[in-house]
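Let's walk through this protein together, starting with the whole chain and then moving to a few of its parts. Have the model open beside you as you read.

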Amino acid sequence: MEGLEKFDSPGKGRGLRVTRPFKVGELLLSCPAYAAVLSAKERGSCCEFCFTRKEGLARCGKCKKASYCNKKCQKGDWAMHKLECSAMTAFGEKWCPSETTRLVARILATKKMQKEPCVSEKMMLIEELQSHLEDEDNEKRERTEADIAGLYRFYSKHLEIPDHKGLLQLFSQVACNGFTVEDDELSQMGTAIYPDVALINHSCLPSVIVTYNGASAEVRAVKDMKPGDEVLISYIDLLSPTEERNTRLRESYYFTCDCQECKSKSKDKVKLKVRKQSDPIEPQVISNMVRYARNKIREFRALKHVKTPSELLEICEQTLDEMGAVFDDSNVYMLHMMYQAMGVCIYMQDADGAIRYGEKILKPYSQLYPPYSLNVSSMYLKMGRIYMGVERHSEAVSAFKKALTIMEVVHGKDHPYVKDVHKEMGQK
Ligand SMILES: [Zn+2]
Ligand SMILES: [Zn+2]
Ligand SMILES: [Zn+2]
């Protein structure tokens, strides 16, 4: 923890600040997970212990479900995997705890193993994590109750489950402090708890970015920092306009942001850019279209796992047509829908479609996101890989290079993802 200290951040509670200068790209903090769980959809493609994605993983001989790099990873994971190994076999198709429930089971098991907490170099203990139990609405409470039911159903054989009040507290802590572990293309690999990283407060103008190396979190500077500067990450997608960012922050984290960008709203105008027309578009028409866009985005999220890919693509195209009458192509709602459409095209292995959307997204993305953004690097990476797949090598190399400019800062030059991209660039 050299160069960092815990402090009371005015109006924000606990926070983290630097005690020496840090340069862009410098590592502030590397934090192994207190508890981590690989998403069920990644089962078989990634190692359950170190989250490495590769071919030829070896399956657990008992459940034939969990996969590992080698014996060492399997041994390392056993204390956690044993919570699920026999239950998965016993329940078969009916085994369906939520990812949150799975993570909570692992936290409870870890707590029990570490009866005497080692306080030496840790800044935060799991017990100290913030919770917002009293702020939760009924919908959230119902979800937690369902998760708790899952905990009793699938884990009671292996765990001493605390009383109801203690459980509600723990689920609330996980909701406010859990991190989604994402790969180089920002696809979710799992969920984890990093108590020290959870100390870091939010800003829409962050000074650091969190990336994942295996199941560990790494925090690197994306701005030069001087002693006394607070360490700030973004908890949310920074593409959204101010009002929407704050709705999201209030819904998930129970606060309103007062960073410089939230005060000045300097990027909102370009984010909500409307089409140039001879007669200016009425404000009423614009706000109606914003409402339409938000509804469509919510609807799309709900339909994503129900409709077929071609139906989804049709929804995207229709929505884009409708919005395109008012919004410019660089408007964030257009970008959001194009991003969804690109994802569907990738899924359908329609390279031309994916490239068509990707090329429209890239330029506004680089302008609207901060200079070092994982959203931008992952977009270049996706494009590089698609171009490579259709043998457009020079375009692939140019996209990979742009991804690397960002990744070498936010992931660090020695990160396995950076090495992978160098390798991919060399392939013809
Ligand atoms: Zn492994
Ligand atoms: Zn097993
Ligand atoms: Zn803000």
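What percentage of the 428 residues of the protein count as buried? The figure is 35%, where buried means that 20 or more other C-beta atoms, placed from the backbone, lie within 10 Å of a residue's own, exposed means 12 or fewer, and partly exposed is in between. Please keep in mind that this is a predicted model, in which local features need pLDDT of at least 70 and side-chain atom pairs count only at pLDDT 80 or more, while totals for chains, interfaces and linings use all residues. Residues are numbered from 1 along each chain as its sequence is written, and chains are lettered from A and ligands numbered from 1 in the order in which they are written.

Now for the overall form. The secondary structure comes to 15 helices and 12 strands; these are DSSP runs numbered from the N terminus, with helices being H or I of at least four residues and strands E of at least two. Along the principal axes, the C-alpha atoms fill a box of roughly 70 × 50 × 45 Å. The radius of gyration is 22 Å, which agrees with the value near 22 Å for a compact globule of 428 residues; this radius is taken over C-alpha atoms, and the globule rule is 2.2 Å times the number of residues to the power 0.38. Among contacts (C-beta atoms, placed from the backbone, within 7 Å) with a separation of 6 or more, 64% join residues 24 or more positions apart.

Next, look at helix H1, residues 71-81. Its buried residues are Cys-73, Gln-74, Asp-77, Met-80 and His-81. They lie on the same side of H1 because they cover an arc of only 100° around the axis, the arc being that of the directions from the helix axis to the C-beta atoms. Strand S6 (67-68), helix H2 (85-91) and helix H3 (99-113) are included in what covers them. On the face turned away from this buried side you will find the exposed residues Lys-71, Lys-72 and Lys-75.

Finally, turn to a helix pair. Helix H9 (residues 283-303) and helix H10 (residues 309-324) pack at about 175°, with their axes 11 Å apart. Axes are lines fitted to C-alpha atoms over the stretch in contact, and angles run from 0 to 180 degrees between N-to-C directions. The two helices are therefore roughly antiparallel, a term for angles over 145 degrees. Residues of H9 including Met-289, Tyr-292 and Phe-300 meet residues of H10 including Leu-312, Ile-315 and Met-323.

How values were computed:
Two residues are in contact if their C-beta atoms, placed from the backbone, lie within 7 Å. Angles under 35 degrees count as roughly parallel, over 145 as roughly antiparallel, 65 to 115 as roughly perpendicular and the rest as oblique.
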